Amino acid sequence: MNKSYVVQILLPKERGDGEPVSESWFEEFLDELTGRFGGATSFVRAPGQGLWRSGNETERDNIAVVEVMAARLAPEYWRSLRERLERELSQEEIVIRAQEIIAL
């Protein structure tokens, strides 16, 4: 059995200032990931909705999910990417999560 990982990047559809993230930005990001990992899948056109508590308020975000398959995890790469995305998209936090998968 071969182990690999699916890495999901949860991205806002709007920047921190309320401006929409352009379709071309998502396309360029997918191209970047495809170049590095050989492929990427996006769920941009069917965004999810994120809810979280901030004090007594409930915050909302429309999010897109981008996934890649990786043969191994490189935490320093993902940490650096998260920090870059937080700056580019004016976000306090971008979530990147990984799950080990076993191909049967």
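Colleague: Which elements each supply at least two residues of the lining of the second largest pocket?
Modeller: Helix H2 (75-88) and strand S4 (95-103). H2 gives the largest share, four residues. Helices are DSSP runs of H or I, at least four residues, and strands are runs of E, at least two, numbered from the N terminus. This is a predicted model: local features need pLDDT of at least 70, side-chain atom pairs 80 or more, while totals for chains, interfaces and linings use all residues. Numbering starts at 1 along each chain as its sequence is written, and side-chain values use heavy atoms, leaving out hydrogens and water.

Colleague: What makes Trp 78 a lining residue?
Modeller: Lining residues have an atom within 4 Å of a pocket point. Trp 78 is on the list, as are Val 7 and Ile 96, among others, so each of these has such an atom.

Colleague: Why is this called a pocket and not a cavity?
Modeller: Both are found on a 1 Å grid over the protein atoms alone. In a cavity a 1.4 Å probe fits but cannot get out; a pocket is an open set with protein on both sides within 12 Å along at least five of seven lines.

Colleague: How do you know what share of the chain is buried?
Modeller: Buried means under 20% relative accessible area (exposed is over 50%, partly exposed in between; 1.4 Å probe, protein chains only). Of the 104 residues, 31% count as buried, so 31% fall under that 20% cut-off.

Colleague: What order do the elements follow?
Modeller: β-α-β-β-α-β from the N terminus. That comes to two helices and four strands.
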